[in-house]
Each structure stands twice: as structure tokens, then as C-alpha cells.
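Here are a few friendly notes to read alongside the model. Take them one at a time, and keep the 3D view open as you go.

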Amino acid sequence: MSLNYQSTRNPELKADSRQAILKGLAPDGGLYVWPDMAKSPVDLDQVMQEDYMGIARIVLGKLLPDFTEDEIKECVEGAYSEKFDDPLLTPVHDVDGVHVLELFHGPTSAFKDMALTILPYLMRSALKQSDEKVMILTATSGDTGKAALSGFQDVDQTAICVFYPHGKVSDIQYRQMATQKGNNVAVFAVNGNFDDCQSRVKELFMDEELNEFAKQNHVRLSSANSINIGRLIPQVVYYFDAYRQLVNNKVIKLGEEVSFSVPTGNFGDVLAGYYANLLGLPVRKFYVASNSNNVLTDFIKTGVYDKNRPFIQTISPSMDILISSNLERFLYFLADQDSKQVAAWMEQLKQEGKYDIGEEYRKKMQEKFDADFLSDEQTLQVIKKVYDRTGVVLDPHTAIGYQAAYQHKDEGPVVAVSTASPYKFSRDVLKALNIEDLDEWEALHKLDEINSDILPEKLAELEELPILHETVLNADQMDEAIRKACGELYD
Ligand SMILES: *Cc1c(COP(=O)(O)O)cnc(C)c1O
């Protein structure tokens, strides 16, 4: 056991990689980081010899040193050997000069499957020696919820409560969650927006009475949100795998730099890319792409993070976020691991809703990061432009990242991270193509007619499945709902 992880806000609060996965959040509200992770880089020559699962074993083995090689192998095989509908898992395709990395071939057609298919295995592996159970609490703006439910469904020693903003997810996302089967799953709609859900879940993790109640029931509360290192670390893998594919396809030579454009909400996905870079992946730039909730665009351009602005509902709802939780881990490395500084910024964010990292850190950040955002109208135009030129249909999240990549494609190879299947957002996608006034289900089938990728079966069948979860809560009723679910675990 090596206590290599610690809180971003306090180096004294240490954990090994198993504890970090089970706890999710550090006791002081900080996030677990491994200060020395960059000291033993990943061997790129070795990466070139492997496929996705082999790269996963290399990366996870490095970042989760308390797991044995056999345990990692078991987790990787459980997650990735059968559940994906593309033999490459995350194929890269050239779309008009941009290298599009498709992360939506998993069981729920969204990129969160990349991590949430493996997290339950990592948690069960971390629990092995104990008779405890883990209760996952997840706030979701749409896609995470289903991916987490699907990952944890009927996994021994685990259970899951998912909270999503009532009326603020797409109809397909709603049905994906409300029809979820499993003897260990609970799903709740919460009045408010995603930040309300997420703030309340964060508070409840810190709530002593609730934790005590859970403990007496032999339940440990944990998180499947992207703050958990078990979510973050599996995402590092596809950055290496995309690079491997570019080398194999002779787009680049081994060792050459590439850029990544990442549609961003909680900053988890792009942070995983930054981790890959810390581990030796040659990256020139990260383009952080946002929708009209452009708090990160402003931050990267000015060094001032200011969440005091209206929350805007967009057609890329998984990016409708004003507090990007995982940014804290980036700040930790940006500030040369100065925990006090990170804690101070996070305190300012809590008290005033803003902080300023100052000129020196801003310049340092801008060496590696650039940012841009698109309005809904611009997003629709990009979808249309790409379809007209190539026949490829992008989902709204992906279109935002694609455009940022497209603008920089003459400066060197750019990978645009594609985070969802267009089928998950069929109506808006068709609206972009001037096909309007269809309901979401008609749109799904219409899109199937014009798109070259076939409609995934798991989406096609949703319309017919019975609704199993209908409860709508206020944020102050979430506590009670969790207690009830904990109580039921050992029935
Ligand atoms: C979650 C999500 C994002 C944003 O990813 P982060 O890790 O939160 O930055 C982008 N697109 C889709 C489709 C998502 O589900």
C-alpha cells in the first residue's frame, strides 16, 4: 500500500488508490491527486504495440499502483471486452481534415461509458476484503446518469442513486434513466438545474449525520461523478489510443505533437488529456470548447473564473455547467502543487463565485490551453456544414469541439473528441438539417434514414420499455431518499 494520493487542498489528507476510488471526494472537499504522477512517464513505444485494452492495462497499472496486475486485467476485460459496438472501441475518423475520435460506441452511446463501464469493477475490486457495500450518489446533467446506472446495475456490493434536473434532460436521456432495470438502482428527478443537484450531492457527502447513518447500515457513500479518480483515470487511455491510431494511420510520426479539441463541461475529459500529457503524450494544445455557458472560455482567456452569470439551457445540455469541478485538479498542477493556493481559490469561488489566478499562472496556462465557445445557432450551423460537406452527422456537443478543431487544423493535426452519438440528440440535429417538427422518436427514425451509422439497438428499444422511476423531489428531500435507499440495501 502506498499513500500516493492526497487532497488538492491539503497534502496531509492522504489515501492509497483503492481508498481514493471508494471515497470519491477527500474529507476536506478537495479532490484526490497524485503529486508525483508525472515522474514515471508511459512508454510510447510500448503503447504502439498494444490495442485499447492493452493500453488500458498500462495506464491503469501506472495510476492505480495498489491494484495487482491481475486485478487490473480483470477490470479491463470486464469493462471493454464485450460492451462496445466497434472493434477499435474508440475509432478515429478523418472528417474534412479533422481527426474525430468517437467515444460513443459503449452501451449508452455516450463517452461517459468509457469510464463508467470500468468504475464498478474497480470499486468492487477495491472493496474485496470487506463486507461493506458502496452506495453511489450521482448528480447528472443527462448522460452520466444512464452510463452510471448501466455500469452499476446488479453489480455485487454496490448500489446507486441518480439525481437529475427535472425537465432539463432530453426525452431520450429521461427514458434511458427512467426505464433502468436492476435490483440496486434508484433514480430521482430534482426540481432545479444541474448545479443545484450537484451542489446538494456534494453537501450530502460531507454531511456527518447522513454518513453516520450509512455507516451504521454498513454502507459507504461514494461518487461516480467525474471527481472520482476511478472515473478520470480510464479516460486517460483513449488519448494514448487516439495517438496510436494516428501513428498507425501515418498521420503523424511517433513523437510528433498533436492537439486535442474537447467539448467541455465539468473539465473531466480534457483533464484526462492533460494527465496523458503529464504522462508523456506529445500534445501541442488543448482546445477547451464550450457552449453559451462559457465560463471556461473566459477563464482561459482572462485568468478570471467567474460563475456569477445567468445559467443558460442549451442544445448541448451535458455542458450546461457553471462550476467545472475537475478544474481544481488542473489548478493544483498549474500552481506547482501549492495546496494552500488551490484551497484559497476554491474558498473564493464558494464565497464570491469567482477567483483570479493572476497573470503568471494565466500565461503558463495559455501555453497549453486555448478556448472557444459556440451559441446554439452556431452549433446548428456547424452540424449543417459538416453534413453538407461530408455526410457525417455530429451531435451538438461534438459539433462544438469539432469547430474549435477545424479553426486550428492548419496549425498541425487536431483530434476532435466526439462525446455522443447524434442519435441521442436527434431532434436538434435534424433541426440543423432543416428537418423540423418531429417528436424525439420520429426524429430518431428519421435520422436513421439519413445517417450512415445505424441506430444503436439500446436506443431503438427505449420507446417500448416501461417507466420504472417517476419520483420528483426538491433538493431538500434528497437526504431522505438516500436514507431510504440505504435502508433497503440489506433487505
Ligand atoms: C459529460 C459530457 C461532456 C463534458 O465532459 P466533461 O468531462 O464534463 O468536461 C461533453 N459531451 C457529452 C455528450 C457529455 O456527456
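1. Start with the lining of the largest pocket: its residues divide into nine nonpolar, five polar and nine charged. Please keep in mind that this is a predicted model. The pocket holds about 640 Å³ of space, and 23 residues line it, with R9, K202, I323, M346 and K350 lying nearest its centre. Two or more lining residues come from each of α9 (194–206), α14 (327–334) and α15 (339–352). The largest share, six residues, belongs to α9.

2. Now turn to the second largest pocket, with a volume of about 490 Å³. Its lining has 15 residues, and those nearest the centre are K23, F205, N211, R220 and L221. Here α9, α10 (208–216) and β9 (219–223) each give two or more residues, and α10 gives the most, with four. By type, the lining divides into seven nonpolar, one polar and seven charged residues.

3. UniProt, in an unreviewed entry, lists K112 under "modified residue: N6-(pyridoxal phosphate)lysine". K112 sits in the loop between β5 (98–102) and α5 (113–116). Is K112 buried or exposed? Its relative accessible area is 13%, so K112 counts as buried, the cut-off being under 20%. Apart from neighbours within four places in sequence, K112 is in contact with D143, T144, A147 and R231.

4. Last, the cysteines. How many disulfides does the structure hold? There are zero. For C486, the nearest cysteine sulfur is that of C161, 7.0 Å away, and C486 is in no disulfide. C486 is buried, at 1% relative accessibility, and C75 is buried too, at 3%.

Notes:
Residues are numbered from 1 along each chain as its sequence is written. This is a predicted model: local features need pLDDT of at least 70, side-chain atom pairs count only at pLDDT 80 or more; totals for chains, interfaces and linings use all residues. Side-chain values use heavy atoms; hydrogens and water are left out. UniProt positions are given in the numbering used here, feature names are shortened, and annotations may be inferred rather than shown by experiment. Buried means under 20% relative accessible area, exposed over 50%, partly exposed in between (1.4 Å probe, protein chains only). Contact means heavy atoms within 4.5 Å. A disulfide is a pair of cysteine sulfur atoms within 2.5 Å. On a 1 Å grid over the protein atoms alone, a cavity is a set of points where a 1.4 Å probe fits but cannot get out, and a pocket is an open set with protein on both sides within 12 Å along at least five of seven lines; lining residues have an atom within 4 Å of a point. Grid points are joined across faces, edges and corners, and a volume is the space filled by probe spheres set on the points. Ala, Val, Leu, Ile, Met, Phe, Trp, Tyr, Cys and Pro count as nonpolar, Asp, Glu, Lys and Arg as charged, and the others, Gly among them, as polar.
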